[in-house]
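This report describes a single protein chain for a reader working from its sequence and coordinates. Please consult both while reading.

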Amino acid sequence: MAEVATSGTSSATYDQLLVVIDPVARRADGESVRIARDVLRAGAAGAKVCLPDGPEEFARALARRGSRRPVVVG
C-alpha cells in the first residue's frame, strides 16, 4: 500500500482527510481520480492519500485513520 502525506495550503474547508483511492478506479479512469484527489487535497487542511492494493489494506487504513475523515474515490 502506498501512502502519501500531504497538507493543503489553501484555507481549510474540510477537516483532516484520509483519501482512499480504489486501484480499479485508477486503472479505469485515472484522469478523473487524479482530478478528484487534487480537489480534495486543495480544499483540506491536511490530507493523507492512501492507495491500497486490496480489501485488507483498505480495512487497515480505515482502522488507522485516527480522527481523519475518510473519503473513498472510486
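Is glycine 46 buried or exposed? Glycine 46 is buried, at a relative accessible area of 2%; buried denotes under 20% relative accessible area, exposed over 50%, and partly exposed the range in between, with a 1.4 Å probe and protein chains only.

## Basis of the model

The structure is a predicted model, in which local features need pLDDT of at least 70 and side-chain atom pairs count only at pLDDT 80 or more, whereas totals for chains, interfaces and linings use all residues. Residues are numbered from 1 along each chain as its sequence is written, and side-chain values use heavy atoms, with hydrogens and water left out.

The pLDDT, the predictor's confidence in each residue on a scale from 0 to 100, averages 83 over the protein chain. A score of at least 70 is reached by 81% of the residues. Over residues 7-13 the pLDDT stays under 50; for this segment the model has 13 contacts beyond four places in sequence, a contact being heavy atoms within 4.5 Å. Where pLDDT is low, the predicted coordinates should not be read in detail.

## Overall architecture

The protein chain contains three helices and four strands, arranged along the sequence in the pattern β-β-α-α-β-α-β. These elements are DSSP runs numbered from the N terminus, with helices (H or I) of at least four residues and strands (E) of at least two.

Of the contacts in the protein chain with a separation of 6 or more, 84% join residues 24 or more positions apart. Buried residues account for 28% of the 74 residues. The accessible surface, from the Shrake-Rupley method with a 1.4 Å probe and, for residues, only the protein chains shown as cover, is about 4,500 Å². Carbon and sulfur atoms contribute 52% of this surface.

## Helix H2

The buried residues of H2 are Val33, Leu40 and Gly43. Viewed down the axis of H2, these buried residues fall within an arc of 110°, so they line one face of the helix. The arc is taken over the directions from the helix axis to the C-beta atoms.

Alanine 36 also belongs to helix H2 but is partly exposed, at 27% relative accessibility. Its C-alpha atom is 9.8 Å from that of isoleucine 21, 15 residues away in sequence.

## Nonpolar core

The largest nonpolar core comprises ten residues: Leu17, Val19, Ile21, Ala25, Val33, Leu40, Ala44, Ala47, Val49 and Val73. Such a core is a set of buried Ala, Val, Leu, Ile, Met, Phe, Trp, Tyr and Cys residues joined through side-chain atoms within 4.5 Å. Strand E2 (14-21), helix H2 (30-43) and strand E3 (44-51) each give two or more residues to this core.

Leucine 17, in strand E2, is buried at a relative accessible area of 1%. Beyond four places in sequence, leucine 17 touches Leu40, Ala44, Gly46, Ala47, Lys48, Arg68, Arg69 and Val71. Glycine 46, one of these partners, lies in strand E3.
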